[in-house]
Amino acid sequence: MSPAAFNMEDAKPLSPGNNDGGSMEARFTDFCKNGLSLDDNTFTQALKLFNESKHLLLATLSAIGSGTPEEAERYWFAFILCSVKRLIEKNEDNVNQGSDENGFALCQILRVAKLNIVDFFKELPQFIVKVGPILSNIYGTDWEKRLEAKELQANFVHLSLLSKWYKRVYWEFFLTSEVNDDKQPVVANATGFVSDYHRFGWLLFLALRVHAFSRFKDLVTCTNGLVAILAILIIHVPVRLRNFVINDSSRFVKNGNKGVDLLASLCKSYETSEDELRKTMEKANNIIEDILKKKPCLASQCRTENLDNIDTDGLIYFEGLMEEPSLSSCLDLLEKDYVDAIRDKGELDERVFINEEDSLLGSGSLSGGAMNIIGAKRKFDLIASPTKTITSPLSPYRSPSASHGNGILCGSNSKMAATPVSTAMTTAKWLRTVISPLPSKPSAELERFLSSCDKDVTTDVTRRAHIILEAIFPSSGLGERCVTGSLQCTNLMDNIWAEQRRLEALKLYYRVLQAMCTAEAQILHASNLTSLLTNERFHRCMLACSAELVLATHKTVMMLFPAVLEGTGITAFDLSKVIESFIRHEDSLPRELRRHLNSLEERLLESMVWEKGSSMYNSLTVARPTLSAEISRLGLLAEPMPALDAIAMHMNISCGGLPPVPSLQKHETSPGQNGDIRSPKRLCTEYRSVLVERNSFTSPVKDRLLTFNNPKSKLPPPALQSSFASPTRPNPGGGGETCAETAINVFFGKIVKLAAVRINVMVEKMQLSQQIRENVYYLFQKILSQRTNLFFNRHIDQIILCCFYGIAKISQLNLTFKEIIYNYRKQPLCKNQVFRSVFVDWSSARHRGKTGTEHVDIITFYNEIFIPAVKPLLVELAPVGSAQKTNRVPEANNISDGQCPGSPKISPFPSLPDMSPKKVSAVHNVYVSPLRSSKMDALISHSSKSYYACVGESTHAYQSPSKDLTDINNRLNGTRKLRGTLNFDDVDVGLVSDSLVANSLYLQNGSCASSSGATLKSEQPDS
């Protein structure tokens, strides 16, 4: 086969061209001096970073933004100025200059650069990856923590959601136009009363964030703040602007003869806690008194039309607050207070959301990258999700939090579409009502298990929980002693917030641990669970998972994953072992938290487990000793897990008189000397427990039924204890599978199944044949087992994309890499850095003239690294007669083509009953998918039948649901006519057959089957 069959002749990296570095520096100087009026010190720092990173810009011009040099340059200027602004060391002189007019914020940088916020954050990650080493040299190794790029982006996403929610809710309560004496609406202009009231509420909310909230500013706390602001607006905005009638019983809760209980009504509608709402209102009232200098008075002592028919107990009223000229003065004071608070911090100007500067805000979503507010789902999932319509009768099991009060204050809008904010509040209610009331110590049942071990481990478990959760949520006064990624609290509000989160995580940990122990004891018919309950790493993973769920519930900005790993001393590989067990043993876990853990598991498997410092490499050196040298050379091994006492000393944590647990630490640091923490060299002959990792990559949300290799296999999966056995470097002895090999095989199985799902999605998107899908999947498996080092420090999608192009070339398929990337970018979880920033170690590639490590685009990676390593495997898949199977490229000669010992066998592409719907009508938007098992169990099913969920748009305007269902059924059955409406209780009616639905669900001969037989055309990439 000719080299051209492998090389990427259709897409090559663009050369830097003839960019004049001197001219670029002159433009940067003009940008800083004339555009931003930088002081000399800041400009010197910015110019230094620009000069040291300019070569990276020149090398990646085509990979930034739309690919034009002029736009890439503006992005780079903005990245540099934002980094310098947030990282520059502030001496006393800088601090004293904090009030001058030279301070600039992120929004000012973007205005001068003519960029919008959404696009800026989309491109920022690859800048950080490429310039990271330079930033580390200039600003120190903690630059990433100080830069807080992910936190800045999370804050923007949260405020985008909150501003939209506030705008919608405001319009529900207040008119958007004035009404004149003739009762005719008069549209208010930009400076009219209505917009001023709206603006006042948002500015008061920003003041609340600055002065009253902790530095974490989580989404739930901020939503409570907006509800408090809403209550203040209701009792102060003139009655003539109300969009509601206070005596409307369907909208408000009445407190006997006292009138409407305003706060109880708002709490019922927006799932907030009344206690928290009252506390937040008190803080907001204090801000009005302190900043706006308004005198508060008890609402019960005031006589005003605004308070008619409202229970005034506990409410505060400010006379004339919303009247002119007071309103204009208040707006000016709030503006000035906010400007003073954010000046010289380089942060986002949060007033932009109320100013509605569309050109600066941009459009699009950031959920496909670092942020994942409600879980990145396919478009149909957003339609079919039970959270889409809160009162949907088709919703599967919901947690207790979801069963209460769907009532939104608009009585005519009882089926309120769920938003990320309302979903977060519903999830927070589960934590508040289900978890918070639990005791903060082990229950009697859990204590029974803990005391039934070889020795009573109750004290060990409680002490460990105290130390680890204190490390994740530290109290104030720690200063710089906090570990990287932890919270350095600075005030009382931070302490209160951290203590609340610790208690919530602790109670959840004890609850799930008890459920696990109960299930285990039922299987073993014994209550002695010493092997599990003395495993240090297992407990830390459980605590980390509990803490992560608490953080995910509150949607924090400052504690983004993987902060919980850094506080506990575990790695992504460790955490991936408990996620599924955690979900299965907490039945009340809300849907959104299940989705979060599912998304988190995918994130761990796709990239984080492959990063430097992952404990997966420690197991891999034992299970695959041939990879030990490469792993050691790249420095990929994880550091030993820090001892519990070391964490306590580092964090200066008081253990309240609890004794240390040296035995557990001895087990961890000296694996193999005690049977409780097993060495990988010990054979996995322990009992099989219910606490296992299934040999499939299942989604706790979608209930994917992935059947691989032998669907009838009844072999039990490996025990969880074996998964946590500490790996050792020596080559394991013979006689059976070691614990390390078991853990790696389970892990590789998950990787393969995750890849199968993603390969299938891409095949469907590009309308490729089944044979292409089989070959891509086969090649991926071969690379995982025989070229495992290609995954090191990389994302599995990078390997999948290269597999697609390699198979396309070997199969002489007219498919360009540009088309592959185009279709990949349309995936919900796509991140640009996947194909723009691929890790390369030139020394291992033996590349002439290049040494060290670098991040390159995927084209360079494919040509320079992927093809030399994979070409022999590709040749095996070439069509008969088109290649010489014995032809091997020199670069691949030194790599063994044999399968690594203990590697899973290569399997054909599995059957994937994807729970996402398939379009089965070429005329109408009608989709079909298997019914979720959670709903299937609730139905009285005939053993020979399967249930499917059909969703589609109405076939005719104002048509009844029964007619729509009949039409859907007719579409699925082709020309078959049905008599009468569908009757799901009668097996003799013309229901859709399983085989017919299966033909609609799966690819048949490279195309999606539809009732009309129409062929779907593949979408073409942009020119």
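Reply: Begin with the labels: helices, which are H or I runs of at least four residues, and strands, which are E runs of at least two, come from DSSP and are numbered from the N terminus. Keep in mind that the model is predicted. With those labels, K114 falls in the loop between α5 (106–113) and α6 (117–139).

Me: How many helices and strands does the protein have?

Reply: The protein has 41 helices and 11 strands. Of its 1023 residues, 55% count as buried. The accessible surface is about 43,200 Å², and carbon and sulfur atoms contribute 51% of that. Among contacts with a separation of 6 or more, 76% are between residues 24 or more positions apart.

Me: Now helix packing. At what angle do the axes of α10 and α11 cross?

Reply: Angles between axes run from 0 to 180 degrees, taken between N-to-C directions. The axes of α10 (residues 219–236) and α11 (residues 262–270) come within 11 Å and cross at roughly 140 degrees. α10 is therefore oblique to α11. Their crossing is right-handed. On the α10 side the contact has V227, L230, A231, I234 and I235, and on the α11 side L262, L263, L266 and Y270. By class, this contact has 9 nonpolar residues, no polar ones and no charged ones.

Me: How far apart are the axes of α32 and α34, and at what angle do they pack?

Reply: The axes of α32 (residues 739–766) and α34 are 11 Å apart, and the helices pack at about 50 degrees. These two helices are therefore oblique to each other, and their crossing is right-handed. From α32 the contact takes I751, L754, A755, R758, I759, M762, V763 and M766, and from α34 I796, D797, I800, L801 and F804. The classes here are 11 nonpolar, no polar and 2 charged.

Me: What does α34 (residues 796–810) do with α38 (residues 858–876)?

Reply: Their axes come within 10 Å and cross at roughly 65 degrees. The crossing is right-handed. α34 contributes Q798, I799, L801, C802, C803, Y805, G806, I807, K809 and I810, which meet I858, F861, Y862, F866 and L874 of α38. The residues of this contact divide into 12 nonpolar, 2 polar and 1 charged. Note that L801 is listed in this contact and also in the contact of α32 with α34.

Me: Take one residue from that contact. Is F866 buried or exposed?

Reply: The cut-off for buried is under 20% relative accessible area. F866, in helix α38, has 0%, so F866 is buried. Leaving aside residues up to four places away in sequence, F866 touches I783, L790, I799, C802, C803 and F861. F866 and C802 are 64 residues apart along the chain, and their C-alpha atoms are separated by 7.5 Å.

Me: Which residues does G201 touch, not counting residues up to four places away in sequence?

Reply: G201 touches Y166, I229 and L233 on that count. G201 is found in helix α9 (residues 193–211) and is buried, with a relative accessible area of 0%.

How values were computed:
Residues are numbered from 1 along each chain as its sequence is written. This is a predicted model: local features need pLDDT of at least 70, side-chain atom pairs count only at pLDDT 80 or more; totals for chains, interfaces and linings use all residues. Side-chain values use heavy atoms; hydrogens and water are left out. A crossing is left-handed if the near helix is turned anticlockwise from the far one by less than a right angle, and right-handed if clockwise. Contact means heavy atoms within 4.5 Å. Ala, Val, Leu, Ile, Met, Phe, Trp, Tyr, Cys and Pro count as nonpolar, Asp, Glu, Lys and Arg as charged, and the others, Gly among them, as polar. Buried means under 20% relative accessible area, exposed over 50%, partly exposed in between (1.4 Å probe, protein chains only). Accessible areas come from the Shrake-Rupley method with a 1.4 Å probe; for residues, only the protein chains shown count as cover. Angles under 35 degrees count as roughly parallel, over 145 as roughly antiparallel, 65 to 115 as roughly perpendicular and the rest as oblique.
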